[in-house]
Protein chains: 2
Amino acid sequence: MKTVAIFGVGLIGGSFALAIRKAGFQGKILGISSDDTIRAALERGVIDEGRPAREAAGEADLLYLAQPISKIVESLEELNAWVKPEALITDAGSTKQAIVDRAKQVISRAQFLGGHPMAGRERRGVEAAEADLFQGRPYVLTPGAAEELETPAAREFLGWIPRIGSVPLILGPEEHDRTVAFTSHLPQLVSSALAATLDGRPEPKTGVYGPALVDSTRLALSSFDIWGDIFLTNRRHILVALEHYITKLEEFREALGGGAMRRHFDAAARLAGEVRDST
Amino acid sequence: MKTVAIFGVGLIGGSFALAIRKAGFQGKILGISSDDTIRAALERGVIDEGRPAREAAGEADLLYLAQPISKIVESLEELNAWVKPEALITDAGSTKQAIVDRAKQVISRAQFLGGHPMAGRERRGVEAAEADLFQGRPYVLTPGAAEELETPAAREFLGWIPRIGSVPLILGPEEHDRTVAFTSHLPQLVSSALAATLDGRPEPKTGVYGPALVDSTRLALSSFDIWGDIFLTNRRHILVALEHYITKLEEFREALGGGAMRRHFDAAARLAGEVRDST
């Protein structure tokens, strides 16, 4: 692949550009974003050139869609008209079913392969992009069938995943969405709901809190511009996760102040240890 | 004050010893703990000498109780029999009403002043103690009446609080407990319940998660040996906080996937920003 086009040069798109460059990519990296973002991306050396979407799509061997989910869904049809037949279109959207379904309907002139790098920071935008963002993180791919990973364009793209330090994981789009409802979307809601519970209340205004509150509300800084689409496209699975969580809180409420609570704490500590061991 | 006795040389007790030493305390620091802990504390230079409780209580100008809450409540009466009349007994327990009430009943031969440094780490024990633990953190004091802060022993103790980098805050024990139910105990339950919800489920085992899950379950590593007492002695206030949180989650559930969710996210981000601005 000689030319990579990053659609949406924000935290993820910008980091992917920096990451492949650092990993030795010698070709051209085009950016498709607002004028301000292109200017910042050029200044930081994240991309080589800014381009209108149509032009970039016609030139690129890899189209990397790192926009909000609704924007990706919206622009797939348009891109299909412009893209080179041997190109690969992939995306970095946080939910996969809606995007993969749409791609199946409208991408006919090139290959589409859904993806989701499990990396992030609370800071957004190309200013927060970094070459090491994907280091040690899983990179989920959601092909419709295993053969989709064997095309020349897919093989070439897949080759870059370990080179940027990521671990490729293959999942169906439905399985991906159900999984991240629990492992990513639920933690977000848990933190946002904690912060929203405290907002306007007198207790935090006393200043009487420790680092626990600061850490627990870090995710609550995340932008709704990104999360709105995630909730919209993964509502069904998130509702299940939320239901499990509320039920668990009710168990905690019943057990509070008694010895039975130890069992809940032990379960919690076990899981907390497990997610640390494997990272 | 010439001699400080640290009852419970763990994270908080050990850090207090290191902090006053770093801030220039020239006197003797005694430790009252298990043999293993005393050995480790001596090795790290956290205390000068280990002592049985009775001996240390008879010698100390400041008795710093940094044990679990139930242990503090239990040993107050005993200490009253041994203590020097001009000494100050203070504690670092995470709830105050139960301790202050007990002290009012049984401490007659010296002064008691309840305290709660709002500092912590997920690691426990004297091994995790550090001189800078209290730096920039609030140090709550819960006197029964304002005059209690004006005695020579109290003034001397209070003088060390800014010297170890802490900000003194005066609250009634009830107000303290109600406040930390929201700002400290609720965040703990939120994290533990998230981790307990995921424990044994298939989703985390896929490895498909990002740093958000790891960060969100950090508090879930906390020991029940400490938290059991907190839940027991602050159950009433924590139940109120938990109720508010569950109600908020139910509002989130209703709003999920719709535009009304933006309002919740904005409230959450506002609070998350506020608790950062002031630290």
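Predicted model: local features only at pLDDT ≥ 70, side-chain atom pairs only at ≥ 80, totals over all residues.
## Strands side by side

Two strands count as paired if DSSP finds at least two bridges between them. Look for Val4(B), which stands opposite Leu62(B) in β4(B).

β4(B) also has a partner in strand β5 (residues 88–91) of chain B; the two run parallel and are joined by four bridges. Here Leu62(B) turns up again, with Leu88(B) as its bridge partner in β5(B). Between these strands sits a helix to trace: β4(B), helix α4 (residues 69–82) of chain B and β5(B) make a right-handed β-α-β unit.

## What's tucked inside

Strand β4 (residues 62–65) of chain B is covered on both faces. Leu62(B) and Tyr64(B) are buried on one side, and Leu63(B) and Leu65(B) are buried on the other.

Now for the core. The largest nonpolar core has 186 residues, and among those touching the most other members are Ala5(B), Ile6(B) and Leu63(B), along with Ala5(A), Ile6(A) and Leu63(A). Setting aside residues up to four places away in sequence, Ala5(B) touches Leu63(B) and Tyr64(B), as well as others including Leu30(B), Ile32(B) and Ala56(B). In soluble globular proteins, nonpolar side chains tend to be buried together.

## Where the chains meet

How many residues does each chain put into the contact? Chain B gives 80 residues and chain A gives 80 residues. On the chain B side, the elements that each supply at least two residues include β7 (138–142), α7 (173–198) and α10 (224–255). α7(B) brings the largest share, 19 residues. By type, the chain B side splits into 47 nonpolar, 20 polar and 13 charged residues.

Notes:
Residues numbered from 1 in each chain as written. Chains lettered and ligands numbered in written order. Core = buried A, V, L, I, M, F, W, Y, C linked by C-beta atoms within 7 Å. Buried ≥ 20, exposed ≤ 12 C-beta atoms within 10 Å, placed from the backbone. Contact = placed C-beta atoms within 7 Å. Right-handed = clockwise from strand over helix to strand, strands pointing away. Nonpolar A, V, L, I, M, F, W, Y, C, P; charged D, E, K, R; others polar.
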